[in-house]
Amino acid sequence: MTLHLPSVPAWPRRCLLRAAARALVALTAALGATGGALAGAIGDKVFEIEAQFGSQPGQVIERLRPLEAGARAGDTDDLRIFLAAWGYAHASIDKPSVAEAAVEELTDLGERLHDPAALASAYTLKAAMLSFSGQVRAAFGWVESALPLADKVPSPDLQYWVDMMAADMATSNGHLDEGVRMYEAAVVAARRGRNPRREAQAYLGLVPLHIVKGQLGVALRQAALVRELGARTTDPSLRISSWVLEALAADAQGDTRRSERARREAQNATLAALVEAPAGPQVPVNSQAGGDGWMGTEVDALLTLSALHQSAGNFGAARDLALRARTQAQAQNDDAHLAVALVNIGLADIRMGHIQQGMALANDGLARMGSRKRDAELLIQLNRYVAALERSGETSESWLRLRDALMLETELARRDRRSTVIELQRESSFQQRQRELDQLEHQNALQAAEIGRRAMERTLSLLLAAAMGLGGVVAWRLYLRARKANRQLALNNEALEFASHHDAVTGLLNRRAMEAHTTALHGQPYCNVSISVKQFGLIVGSVGHQQGDQLLCQIAGRLDAVARRHDATLYRVDGVTFGAIFRCAEGDTQRVRTVLQALAEAMEVPFEVGNQDLIVSIGAGAAHCPTDAPTAHEVARLAELAKLRTHAEPGNTHVLYDARIGESQHDKLHMEARMAKALEQGGFELYYQGQRSMADGRFCGFEALLRWHDGGKMVSPAQFIPLAEESGLIVRIGAWVLQQGCQQAKAWADAGFGAVKVAVNISPRQFNHPDFLATVRRTLQATGVDPAQIELEITEGSVMDAAEASIAQLHALRELGLQLSIDDFGTGYASLSYLRRFPLTRLKIDRSFVSQLGASAQDDTIVRTVIGLAHGLGLAVTAEGVETPAQEAMLQSWHCDVVQGFLHSRPAPAATATQLLVAEREALLQAAEA
């Protein structure tokens, strides 16, 4: 018997396990996550609202609104409870701007008060927001950061929320075993909190996983347990879902009688629930936030199991279940589930080798979904389709679908930005909060005055008691208090002394202790080693700050073990810089090299952080006292100079200081001073190299290239640009280059040459400077140039150091009307997943690939593939370094858009570039007259 249920609005249904963040239960956890038993009057009111309206986020918001002022004036726990509920409810109804404001305030609260519960709630709320928008991979990273914080808080409510979200995200990303582990942890947390509804929901997540893993007996027992726990609550959806899953588990076990009985019970329970369902209009809930009827129908459960089998690699089983879901959806005229079923069948066919058949079915399903509503569910299905196509080698189709996913993701983001009501609401909330804070500050001042008055009264009372003959008793009590206070003061002093000489994260001695120890070694020979972790910012951007601290502690442990073996002392100087001090006789360079080599070898074994292996490299520089310098301060400076030399080489490297390093540093300082003077006195000039369109053979733009005239000589950019980047002077120089490029583009437009484009290189340090966006705005306004004439060329490294922040900045630049390109593409490390999210207009292929065209089959393949990739993403392509007609011919055959190189134009001053445009215009006029 197959259960066919009517399609009614009162029971929103889900299609994938990745959408298992049920609105009712997740909201319950969000409310209790940070407060638990510590909730005050406001927290209790929030819990009452949740209990009555938890499945209706719109009602929750209306009833929470009057409580905001009281929550902000109350204690910290009330405010955390309110913010978690407020943010999650808005995220559930596609109001991410308000939810983001709650995340920011929870984060500020957690960092300011060192409150791990607030931080865990902020990160989990952020994960929920991302999952609602279809970004399940990014959501997994956020909830992973919340897990260690939740472990520090004895709150079963918080632990449950984080564990459930982690389980949902792990399963959505294909980590089924991790999903089982986290759901089981959520069961334990729910039992600790004595909440049968939450325990049932955790088991409800476990049952499909056990079915897919073939553990059918466990699945049947847990389905019955869901029903038993659900009977202790007022939630009828638990009973319905348990019967549905029991029917499917019994099917897999071959128990026909049990499956038919379970279907009858599910149908009866559903009909009873429909009678009791609330009437009236409801605020639409995000398709990924689900509802209180998750897996309440057989077609929903079939699609869930199909997706899980797909993740487990059981493509035949995934296809069979999706076919059953399609049959039921067609019988019920259920277009929403039919679309997902078609996608699941298509993906299974693709993975089983029936690529064309699978693509046709998947495209049909996606088209049906797109015709209904372009939302997060469609984005998830697009990403699943792209992944299947990439694994099957269908590169061209995967590029097209990547572009669709990028456009949809941009549309979803734009939908949020259009909501001015949200911005006004956030502003009103902020102003109300400010008024409450002012009032609270005034009340604190009054209380302080009252406390002072009472203290004076107590003092007078003590004096009066002494005068009345009670002085002995009072004195004895004061003596005991003073003794206790002195003991506590001694303990506090010890703690402060320890904190003043030790690092809070790693527990190592700090810079202050290092300076004291080197001062105590005055007159005795020793070696100072400076050590820093290379590219640690990229690692933190990948794993998060919490796991970054864990990694730093592991690095410190390995380095400290090496230092102890060689009778050295390790210190954490600051950030990612460590220092080591050990006694060493003059001229004993062999011992120094032995220590440095041991430090490098300690980094060879990968570090395990957050279930992933990370390779970490260090650079170490050493200097000797008194051989290299007579003072501790100077020796430390020379060790730092030696270490800086190691960062130019990859891997684990070490350098001993010698005089040549000091001379090199002096030369750098001298050149830096000359660059600053050149910037002030006009020593820099822009040269322009033409860019020729392959479509019509005309110059369509010029790249602005910086040149430096120093004392009558031309200094190579390869010599001074890296130093300007290292010193930070590149920010000022880059601003000057941008201004000159804009002025020249405006001059060409005013002279009648049309919208000639000028490409301006943006350095990594300039792009990541806090004032960069404001500088660009000011320059565009001051020069009056058409922004469409300016193309900013940005390297891969600039945007990948902090990819998420870069995406926001790139969108802001595009909104100004500027063109954006990735320079020297192929030499960095931009991943395809990020490349499709960057709002670019062009890719520039590095000259190192172009120079080998025709000579290297590998480089030919790379260039041809990059051109196809760019066009698949809707981007134009410029090839740099084109010097021969043969190279140009190959690029033209591959449909490259623009070429740049010595073949058509060498870098030249603006006047020479203008002559090229003049000559080209005259040639066109002559051709027209002829």
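Phe-702 is buried, with a relative accessible area of 0%; buried stands for under 20% relative accessible area, exposed for over 50%, and partly exposed for what lies in between, using a 1.4 Å probe and protein chains only. This is a predicted model, in which local features need pLDDT of at least 70, side-chain atom pairs count only at pLDDT 80 or more, and totals for chains, interfaces and linings use all residues. Residues are numbered from 1 along each chain as its sequence is written, and side-chain values use heavy atoms, with hydrogens and water left out.

What is the relative accessible area of Phe-699? Phe-699 comes out at 10%, so this residue is buried.

## Aromatic pairs

A pair of aromatic rings is described by the distance of the centres and the angle of the planes. Here, rings of Phe, Tyr and Trp (its six-membered ring) pair if their centres lie within 6.5 Å; planes under 30 degrees apart count as stacked, over 60 as edge-to-face and the rest as tilted. By this rule the model holds ten aromatic pairs. One of them is a tilted pair of Phe-684 and Trp-708, with 5.8 Å from centre to centre and 40° between the planes. Phe-684 belongs to strand S9 (residues 684-693) and Trp-708 to strand S10 (residues 699-710), so this pair ties together parts that are 24 residues apart in sequence. Helices (H or I, at least four residues) and strands (E, at least two) are DSSP runs, numbered from the N terminus.

Both Phe-684 and Trp-708 are buried. The rings of Phe-699 and Phe-702 have centres 5.8 Å apart and planes at 20°, so they form a stacked pair. Ring pairs also join Phe-684, Trp-708, Phe-720 and Trp-736 into a cluster.

## Charges over rings

The charged end of Arg-558 sits over the ring of Phe-607, 3.6 Å from its centre. Arg-906 lies over the face of Phe-902, at 4.0 Å from the ring centre. The criterion is that NZ of Lys or CZ of Arg is within 6 Å of the ring centre and within 35 degrees of the ring normal.

## Helix packing

Two packed helices are described by the angle between their axes and the distance between the axes. Axes are lines fitted to C-alpha atoms, for helices over the stretch in contact, and angles run from 0 to 180 degrees between N-to-C directions. The axes of helix H15 (residues 298-312) and helix H16 (residues 315-331) come within 8 Å and cross at roughly 160°. That makes H15 roughly antiparallel to H16; angles under 35 degrees count as roughly parallel, over 145 as roughly antiparallel, 65 to 115 as roughly perpendicular and the rest as oblique. H15 passes H16 in a left-handed crossing, a term for the near helix being turned anticlockwise from the far one by less than a right angle, with right-handed used if clockwise.

Pro-57, Val-60, Ile-61 and Leu-64 in H3 meet residues of H5 including Phe-82, Trp-86 and His-90. For helix H7 (residues 116-132) and H9, the axes come within 10 Å and cross at roughly 30°, and the two are therefore roughly parallel to each other. H7 passes H9 in a left-handed crossing. Contact residues include Ala-117, Thr-124 and Leu-125 of H7 and Trp-161, Met-165 and Met-169 of H9.

## Ser-172 in H9

Ser-172 is found in helix H9 (residues 156-172). Is Ser-172 buried or exposed? Its relative accessible area is 6%, so Ser-172 is buried. Ser-172 and Ala-307 are 135 residues apart in sequence, with their C-alpha atoms 9.0 Å apart in space.

## Backbone details in loops

A cis peptide bond joins Cys-625 and Pro-626, with omega about 10°. Pro-626 lies in the loop between strand S7 (618-625) and helix H26 (632-646).

Asn-333 is not a glycine, and its phi has a positive value near 55°. Asn-333 sits in the loop between H16 and helix H17 (335-351) and, at 67% relative accessibility, counts as exposed. Asp-567, not a glycine either, has a positive phi of about 55°. Its place is in the loop between helix H24 (545-565) and strand S3 (569-574), and Asp-567 counts as exposed at 65% relative accessibility.

Terms used: Contact means heavy atoms within 4.5 Å.
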